[in-house]
Amino acid sequence: MILTFIILALFLPTADYTSQVLTSCLANYRCNTKPSSSVGFDYVSGLVAKATIEAVAAQPDSQDAEMWYQSVRDFGNRYYATGFPDQPKDLDILNACKLYFGLRDMASLGRFGEDALTVAHCDTALQRAAAAFAYYDRTYHISDSVSLAYSGTLFYSGGWWHKSKYINEMWCDGLYMGPALLAQLLAHGYVPEGRTVTQWWQLLVKQFDITWFQLWNPQDRLLYHAFSASPQMDPVWADQDTATWHYGVSAEYWSRAVGWYMLALVDVLEAMGQSPDSLQLPLTLSHQRLSFYLRQLAAGVAARQDSATGCWAQLLQYPVGYRPEGCDKANYLEASGSALFTAGYLKALRLHLLGENYRPVAERAFRGLVEQFLVPEVGDGNALALVYSCASAGLSDTRKGDAAYYLCGKDVTCVTTYTEGKVLGAFLLAATEYSLLSPL
């Protein structure tokens, strides 16, 4: 075990951990290694802003709620017209636009005073996001010819690349960054040009169909991190064996990537339920299919929950303490993936997407987040910190994606001296959902 910090306190079911963490960390956290104040409009700062405005909506009577709202309002108003490009080269930056849904709703209510300008700015940002999405769809997708070469079918056609530089690659992470945003846009009436609403929904669902078919291992009941539809271009990490179903797929089950995917499923199912178009038969069937994916993944992830703490390891298929050959670091309980899973279970319970049999999993998980990762001051100037989050991880011609990489790679540092934004945002989402969980 690498956990060496003193536990902050025993978990208290009635404690307001949302307020504690916001008060301590909102003004001072990092996006990977950079101070959030120096980053601007980024998917990490956007995630924190989204989580913050949802926390305000869940507990508007908190004495600090107006201050938190103003923080997100100022951030959103600063970047609504310039924060992201009209022709984006990755879905990550568009993901930050999710903050504008909650901000628009809160500003429209006028709970903290009339705020028509912010409402207008949110509307502009979301219109821009829809237009940018249309550009991304036209520009960065798996083509018919690539799909035919990879599988002999058109099944993979239209799959969105994770980023423009990751040609023909689809990652679990990207399902939260792209399709989950598009689902909210469609549900709120922001329809990108080039397709009908129903066609966009169908293409959105296809992103899950493609990745589920290619990344889901029914024996391990987990999702691999990514696949390449042109494996010959990615020989460092993509399986080169054409004789197996694993051709083009990466090697390991990384917790945060699987966590993004799980939460994406929950968010998309929520948005489908809010959209009148989901009443059409094709989308009703799509809803049923995504629900099946969620139930399968929820069962697989629950089977990997650490029995002692309720948390999850950096690499899901190995026990805590596992050390791959050639690596001087061991598998550890990881904060951001654990928080995403916790948020996913709790929100799915609230929306009745999962049965009450998952309540113990979710409650154990939230308790674990507090007791394992929320610690006293660690030298960053904050009274509290969230630690043991993986700074970053990916796949490329220099990142092999094997177990040793996810534990010993130069860019996968386990953060212990400051609060990183991905765990901060995910923890806030989980804490907000925990506060909304109905008692038995």
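N32 counts as partly exposed at 27% relative accessibility, where buried means under 20% relative accessible area, exposed over 50% and partly exposed in between, with a 1.4 Å probe and protein chains only. This is a predicted model in which local features need pLDDT of at least 70 and side-chain atom pairs count only at pLDDT 80 or more, while totals for chains, interfaces and linings use all residues. Residues are numbered from 1 along each chain as its sequence is written, and side-chain values use heavy atoms, with hydrogens and water left out.

N32 lies in the loop between β1 (30–31) and β2 (34–35). Helices (H or I, at least four residues) and strands (E, at least two) are DSSP runs, numbered from the N terminus. Most residues other than glycine have a negative phi. N32 is not a glycine, yet its phi is positive, about 65 degrees. N168 also has a positive phi, near 60 degrees, and is a residue other than glycine. N168 sits in the loop between α7 (144–151) and β3 (169–171), and is buried, with a relative accessible area of 5%.

A further loop residue is G381, placed between β7 (374–376) and β8 (384–386). G381 is exposed, with a relative accessible area of 65%. Its C-alpha atom is separated by 8.8 Å from that of Y418, 37 residues apart along the chain.

Two helix pairs are set out below. Axes are lines fitted to C-alpha atoms, for helices over the stretch in contact, and angles run from 0 to 180 degrees between N-to-C directions.

| Helix pair | Axes come within | Crossing angle |
|---|---|---|
| α2 (residues 43–58) and α3 (residues 65–79) | 9 Å | roughly 145 degrees |
| α5 (residues 99–109) and α6 (residues 116–139) | 9 Å | roughly 155 degrees |

The crossing of α5 and α6 is left-handed, meaning that the near helix is turned anticlockwise from the far one by less than a right angle. In α5, the residues Y100, F101, L103, R104, A107 and S108 meet T118, V119, C122, A125 and L126 of α6, a contact being heavy atoms within 4.5 Å. By class, this contact has eight nonpolar, two polar and one charged residues. Here Ala, Val, Leu, Ile, Met, Phe, Trp, Tyr, Cys and Pro count as nonpolar, Asp, Glu, Lys and Arg as charged, and the others, Gly among them, as polar.

α2 passes α3 in a left-handed crossing. On the α2 side the contact is made by S45, A49, T52, I53 and V56, and on the α3 side by A65, W68, Y69, V72 and F75. These residues divide into eight nonpolar, two polar and no charged.

W68, found in helix α3, is buried, with a relative accessible area of 1%. Leaving out residues up to four places away in sequence, W68 touches S19, L22, T23, L26, T52, V56, Q59 and S62. W68 and A55 are 13 residues apart in sequence and 9.0 Å apart in space, C-alpha to C-alpha.

In soluble globular proteins, nonpolar side chains tend to be buried together. The largest nonpolar core has 161 residues, of which F41, Y100, F208, L297, Y345 and F366 touch the most other members. Helix α11 (residues 255–274) supplies the largest share of this core, 13 residues. A nonpolar core is a set of buried Ala, Val, Leu, Ile, Met, Phe, Trp, Tyr and Cys residues joined through side-chain atoms within 4.5 Å. Y345 touches M262, A298, V301, A302, W312, L354, Y358, V361 and A362, again not counting residues up to four places away in sequence.
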